[in-house]
Amino acid sequence: MREGGLHVRKSIDGLRSGSFEGDPGVIEDVLFAAALVTPAGEAPRRGAGLAASVVRDAALVWRDGLIVYAGPASALPPGLEVEATDELVVHGAVVPGFVDCHTHLPFFGWRADEFEARLAGRTYRDLQGGGGGILRSARLLADASDEHVLDFCVPLAEEMLAHGTTALELKTGYGLSVEGELRQARLARRLAAEVPQTAVVTLLSCHAVPEGYERKEWVETVCTEILPVAASEGLVDAVDIYVEDIAFDLNDLARVAEAATAAGLPLRCHADQLGDSAAAEAAVREGARSADHLNHANTAGVAALCAAEATGAVLLPVSTLFLRADPAPARDLVDGGAAVSIATDFNPGTSPTLSLPEAIGVAASLYRMTPGEALTAATLNPAWVLGLDDSVGSLERGKRADFVVLDADDVAMIPYRPGHNPVREVWLAGRRVA
Ligand code: NIG
Ligand code: FE
């Protein structure tokens with residue numbers, strides 16, 4: 001029944017009353033699983049509380065797309081007792097849908113030749129300086145029609161869904177002109193409308209200094225001409241800035257933070273990716289929602305993130321591997337109590353992967369994050385970064401029934417099998433979508 005492609009089951013009401021006639025419009029609303037693995041409790045999770053908990057022989061029950069019960073099958077509350085018949089059983093662990101809180105979609109085109117050039121000894125910095133990198137993706141985007149961009153991006157978002165991503169972030173940052181950035185934000189909103197996932201949009205106009213601008217002049221243009229318009233038109237949900245010696249500095253961060261606050265938008269920060277810019281500490285000081293990358297975060301930055309209430313630490317392990325960069329101080333952040341998330345950083349330059357299972361795999365092997373920690377770091381904590389933790393990120397009563405059925409009953413199988421997609425089923429608001 002479950003493998004047959006027709007995923008209509010009896011509703012609980014129908015089962016209880018015995019009156020169910022097999023109406024194909026009835027959505028599924030209960031399943032039993034050998035294991036349900038989920039973070040629980042208030043977001044974000046930290047330290048020893050980061051690891052997801054495992055419920056063996058579990059049941060998940062939902063109504064109108066919202067979870068009404070997630071826990072041991074033996075403890076189903078009165079009124080929800082259902083027998084675990086074969087058709088209601090899934091053979092694999094049930095986990096929350098993955099939340100990818102750092103991607104650079106929408107973009108257009110790839111840069112595999114830059115990857116090859118780096119293998120031959122060029123560096124990311126050096127390619128960027130020669131007009132490659134971000135500036136090249138900006139030209140590719142500018143030269144493509146809206147329809148071509150969406151035709152390129154929609155299948156990628158669908159591929160993300162097949163890898164279990166049920167909510168994600170989209171960013172600008174390849175528009176790199178006043179009109180180009182607003183266009184990319186509109187394209188991001190269109191992409192969000194065309195895919196089944198929940199998607200939020202971040203304005204990353206301070207991603208590179210466009211040709212023809214001085215750095216300060218571009219920052220002012222962003223803060224006075226782009227950000228206020230994007231905010232007032234409701235095109236974006238957050239603001240990001242790339243702090244790096246080849247991009248923007250701490251004064252620019254402070255200026256963008258001020259403009260984001262004035263627009264009522266949360267701040268994010270690409271911090272200390274290629275070198276130590278003291279950006280992690282500054283991001284905490286500015287009250288950013290997250291500091292991302294952190295490969296070169298210094299001791300003060302790590303300490304600030306471990307103590308921060310409002311600022312999460314977003315690790316991007318695949319871009320670390322892909323750039324052969326120094327690893328981020330992941331264990332120090334986890335053990336020190338930072339609100340750690342893992343994301344793909346999906347983009348054509350530093351992380352052409354869209355798979356959160358792959359990011360979890362690299363986080364386990366490279367960063368020694370346990371599978372249970374990595375699961376929370378790819379679900380509830382990134383939901384908090386995106387401001388979505390009230391509705392998604394964990395399998396708890398009242399949240400939306402966005403979940404994934406794995407092809408194994410142990411979440412350790414996610415990082416244990418690199419290159420394998422462990423996602424067998426994907427459900428959004430209680431409906432199977434992949
Ligand atoms: O997060 N480093 C800055 N931004 C991206 C890369 C963007 C690109 O190379 O196109 C990142 O790694
Ligand atoms: Fe990024």
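In what order do the strands of the open sheet of 7 strands run, and with what pairing? Please also describe how helix H7 packs with helix H8 and with helix H6.

Modeller: Bearing in mind that this is a predicted model, the open sheet is built from 7 strands in the order S3-S2-S1-S4-S13-S14-S15, and its pairing is mixed. The edges are formed by S3 (66-72) and S15 (431-432), each of which has a single partner strand, so one side of each is left without a neighbour in the sheet.

Turning to the helices, the axes of H7 (residues 215-232) and H8 (residues 250-262) come within 10 Å and cross at roughly 10 degrees, which makes H7 roughly parallel to H8. On the H7 side the contact includes Arg215, Lys216 and Val219, while among the H8 residues that they and their neighbours in the contact meet are Asn251, Asp252 and Arg255; the residues of this contact divide into 6 nonpolar, 2 polar and 5 charged.

H7 also packs with H6 (residues 178-194), at an angle of about 40 degrees and with the axes 10 Å apart, which makes H6 oblique to H7. H6 passes H7 in a right-handed crossing, where Val178, Glu181 and Leu182 in H6 meet a set of H7 residues including Trp218, Thr221 and Glu225, and the residues of the contact divide into 6 nonpolar, 1 polar and 2 charged.

Conventions. Residues are numbered from 1 along each chain as its sequence is written. Chains are lettered from A and ligands numbered from 1 in the order in which they are written. This is a predicted model: local features need pLDDT of at least 70, side-chain atom pairs count only at pLDDT 80 or more; totals for chains, interfaces and linings use all residues. Side-chain values use heavy atoms; hydrogens and water are left out. Two strands pair if DSSP finds at least two bridges between them. Helices (H or I, at least four residues) and strands (E, at least two) are DSSP runs, numbered from the N terminus. Axes are lines fitted to C-alpha atoms, for helices over the stretch in contact, and angles run from 0 to 180 degrees between N-to-C directions. Angles under 35 degrees count as roughly parallel, over 145 as roughly antiparallel, 65 to 115 as roughly perpendicular and the rest as oblique. Contact means heavy atoms within 4.5 Å. Ala, Val, Leu, Ile, Met, Phe, Trp, Tyr, Cys and Pro count as nonpolar, Asp, Glu, Lys and Arg as charged, and the others, Gly among them, as polar. A crossing is left-handed if the near helix is turned anticlockwise from the far one by less than a right angle, and right-handed if clockwise.
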